[in-house]
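Dear colleague,

I am passing on the structure below, and after it you will find my notes on what came out of looking through it. Please read them with the coordinates open beside you.

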Amino acid sequence: MTVLSLIVEMDNAAFMEWDEVSVCFDALRRELEEWKSSRPDAGAEVIFVQPGDAADAQALREKVESQVPALVQLAAMQFRWVPDGRYYDLKNEGVRSAKGDVVVFYDSDTTPERGWLKAMAEPFDDPGLVGVYGMTTLAYDDFLSRVYALYWFFPLRRNDDRKAAKRSLNANNCAFRRDWIAANPFPYHPGFKVSCSMLWRRILSENIPMVRVDVWVLHRPPRGLDFFIWRALVAGRDQDRRYAEFRSPNRGKRLGHAFSRLFSQMWETARRTVLHHADVGIPAWQAPAAFLLWSGFVLLTFAGHVGHVLRGGDDRVETVPDAIKVS
């Protein structure tokens, strides 16, 4: 009997209203129902992990049990916490608590397409497989979110095979055998989204048996210009961290990389504006505004990148500022 441990990080829920979070939970309920109907002998547990303390975990337990009772009936529940836990800390805590054969990572701000869990779990019938990963795309419902979707790190759901082919592991849509991921957790790094890149690089360098499945989750769009500015700056700092980690710590080479990334990202912004603006519902007359807005993001990323190079060894631990979480 295969037992799945679904790990749901709750850090991103700080940006959301409960109605939005409950949509994600209801989709998870649907996926568990479909999975268990296809595998009646299969077991499942859901592990919610959040920053905070035991009282916060208990409050979430009461909320889930009262608001999503059907989910509670489908799987065993765990509610874990990590004081001041960051994104990858929460995922690693979930792995430490997991009892299943396979660990599936899911985020509180994503909604899977129908059939997602079945598609993620079935490849593990191959005993030689270590991991599975799917794809993530951004939802959109207004001009700013359409701009995010057009240029963001995730590919578009359709007509974007070139970008999808280059996309690496998505920490919000992947699964591993528990024994392997417990022995190889997301590495610690002070950067915002560097740990996943480090794990993916190890997987590639060691030829860990992984398979990509054509199954998607829809990620809630980022909101607000405050987040836009902060995320661009931290993206630049993370670009420098990755280069220093994977290529060279030499400051001159890192500075050259910053300029190289500026030119390549500006070109990619122009290319995507021309080829894909209609794919996210941006009319031609709004395309120049979209291009200019994202060009600002790229320039801020460049500023964050260069600033990090020049700052030298001062490497702060990146967290989303509270003022942005509540904005």
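Asn184 sits in the loop that runs between helix H8 (178-183) and helix H9 (195-205), and in this model, which is a predicted one, Asn184 is buried, at a relative accessible area of 8%. The side chain of Asn184 reaches back to the backbone oxygen of Trp180, at 2.8 Å, and once its neighbours within four places in sequence are left aside, Asn184 is in contact with Leu199 and Arg202.

The cysteines come next, and here the count of disulfides is 0. Cys24 cannot form one because its sulfur lies 16 Å from the closest cysteine sulfur, that of Cys174, which is too far for a bond; Cys24 is also buried, with a relative accessible area of 3%. Cys196 is likewise in no disulfide, the nearest cysteine sulfur being that of Cys174 at 6.7 Å, against a cut-off of 2.5 Å for such a pair. Cys196 counts as buried too, at 8% relative accessibility.

The sheet is open and consists of 8 strands, which follow one another in the order S3-S2-S1-S4-S7-S6-S8-S5 with mixed pairing. Its edges are strand S3 (76-82) and strand S5 (110-112), each of which pairs on one side only, and neighbouring strands are turned against each other by 25° on average, direction ignored. Helix H4 (residues 87-97) lies across strand S1 (3-9), strand S2 (43-51), S3 and strand S4 (102-107), and runs at about 145° to S2.

Finally, there is helix H11 (residues 251-276), for which a check of length may be of use to you: at 1.5 Å a residue its 26 residues should span 38 Å, and the end C-alpha atoms are 36 Å apart, so the two agree. At the start of H11, a side-chain oxygen of Asn250 comes to within 3.0 Å of the backbone nitrogen of Gly252. The buried residues of this helix include Arg254, Arg271 and Arg272, as well as His257, His276 and Leu262, and among the elements that cover the buried residues of H11 are helix H6 (143-151), helix H7 (161-166), helix H10 (225-246) and helix H12 (287-311).

Methods:
Residues numbered from 1 in each chain as written. Predicted model: local features only at pLDDT ≥ 70, side-chain atom pairs only at ≥ 80, totals over all residues. Heavy atoms only, no water. Buried < 20%, exposed > 50% of the residue type's maximum accessible area, 1.4 Å probe, protein only. Helix = DSSP H or I, 4+ residues; strand = E, 2+ residues; numbered from the N terminus. Polar contact = N/O pair within 3.5 Å; in protein donor to acceptor, adjacent residues only side chain to side chain. Contact = heavy atoms within 4.5 Å. Expected span 1.5 Å × (residues − 1). Pairing = 2+ DSSP bridges. Axes fitted to C-alpha atoms, helices over the stretch in contact; angles between N-to-C directions.
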